[in-house]
Amino acid sequence: MDPILQSLTDAYNDYFSVEHAIIVNCKVVAGELPSEQAFLASIPEPFLVAGEMGSLNMSALRSLNRIGELAEELANYLQQQARKIDLLLHYVLRQQDSAEHRQFTLSYGGAGLCLQSQQPIPALTLVELKVFLADNEGAVYCLGQVISAEQANEGWQIKVVFRRIRDQDRELIVRASLHQQSHQLKQKAAQRQLPE
């Protein structure tokens, strides 16, 4: 195996991933992987706003822990306000979803994702990804590189490793994948409890 491809595959396997279908836009990008600065400058504004909103919500809730007994009521109020903003932001982010490039993931995690595609994409191809997480948990813009394309059923399974992604966006994907895994484990436990 090509040493670059081996290195990317190792990076893909560094993180846990969860099997779950979410919407992702995947578009082939011509040229070389841009510098970190060029990548950051290319992130569409709605994705920057979404990331900033998530950070602000977390820091506001943390600071409430210091104000005592009214903190819980105030935290509930602020969470309701944040929820309203999240719904509006979710709507704005959905405008970034292009039907032409829409795919669904088979799995995803902090290192990358595996998506179902009608067309193969050659290994080492650079792709632009817009990842729309489930349950209004946010959206991420990043660049990835294909590490494999395997024929499966009526299409192709494309594995993509993230190459340019902001740290807070990687954390968002990790949190979403862990949340989804927790949800799946609860569902399995509930199914085991059902009488036969």
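A salt bridge here is a side-chain nitrogen of Lys or Arg within 4 Å of a carboxyl oxygen of Asp or Glu. With that in hand, here are some notes on the structure.

This is a predicted model, in which local features need pLDDT of at least 70 and side-chain atom pairs count only at pLDDT 80 or more, while totals for chains, interfaces and linings use all residues. Residues are numbered from 1 along each chain as its sequence is written, and side-chain values use heavy atoms, with hydrogens and water left out.

1. Let me start with the charged pairs. By the rule above, the count comes to 5 salt bridges. One of them joins Glu 36 to Arg 164, with the closest N and O atoms 3.9 Å apart. Glu 36 lies in helix H2 (residues 36–42) and Arg 164 in strand S7 (residues 155–164), so this pair ties together parts that are 128 residues apart in sequence. Helices (H or I, at least four residues) and strands (E, at least two) are DSSP runs, numbered from the N terminus.

2. How covered are these two partners? Buried means under 20% relative accessible area, exposed over 50%, and partly exposed in between (1.4 Å probe, protein chains only). On that scale Glu 36 is partly exposed at 32%, whereas Arg 164 is buried at 18%.

3. Another salt bridge links Arg 102 and Asp 97, at 3.1 Å from N to O. Arg 102 is partly exposed, with a relative accessibility of 34%, and Asp 97 is buried at 15%. Through shared partners, salt bridges join Arg 94, Asp 97 and Arg 102 into one network.

4. Asp 169 and Arg 166 also form a salt bridge, their closest N and O atoms being 2.9 Å apart. Both of these residues are buried.

5. Helix H5 deserves a look along its length. Its 27 residues reach 39 Å from the first C-alpha to the last, close to the 39 Å expected at 1.5 Å a residue; the expected span is 1.5 Å times one less than the number of residues. The buried residues of H5 are Asp 169, Leu 172, Ile 173, Ala 176, Ser 177 and Gln 180. An α-helix has 3.6 residues a turn, so residues three or four places apart point the same way. What covers the buried residues of H5 includes strand S1 (17–19), strand S3 (102–109), strand S6 (139–152) and S7.

6. Within H5 (residues 167–193) sits Val 174, which is partly exposed at 23%. Leaving aside residues up to four places away in sequence, Val 174 touches Tyr 15 and Gly 110, where contact means heavy atoms within 4.5 Å. Val 174 and Val 18 are 156 residues apart along the chain, and their C-alpha atoms are separated by 9.6 Å.

7. Leu 143, in strand S6, is buried at 6%. Beyond four places in sequence, its contacts include Pro 34, Phe 39, Val 127 and Glu 128, as well as Val 161 and Phe 162. Leu 143 and Arg 164 are 21 residues apart in sequence, with their C-alpha atoms 5.0 Å apart.

8. Finally, please check the backbone at two loop positions. Most residues other than glycine have a negative phi, and most peptide bonds are trans. Leu 124 has a positive phi of about 75°; this residue is in the loop between strand S4 (112–117) and S5, and is partly exposed at 30%. Asn 153 has a positive phi of about 50°, lies in the loop between S6 and S7, and is exposed at 83%.
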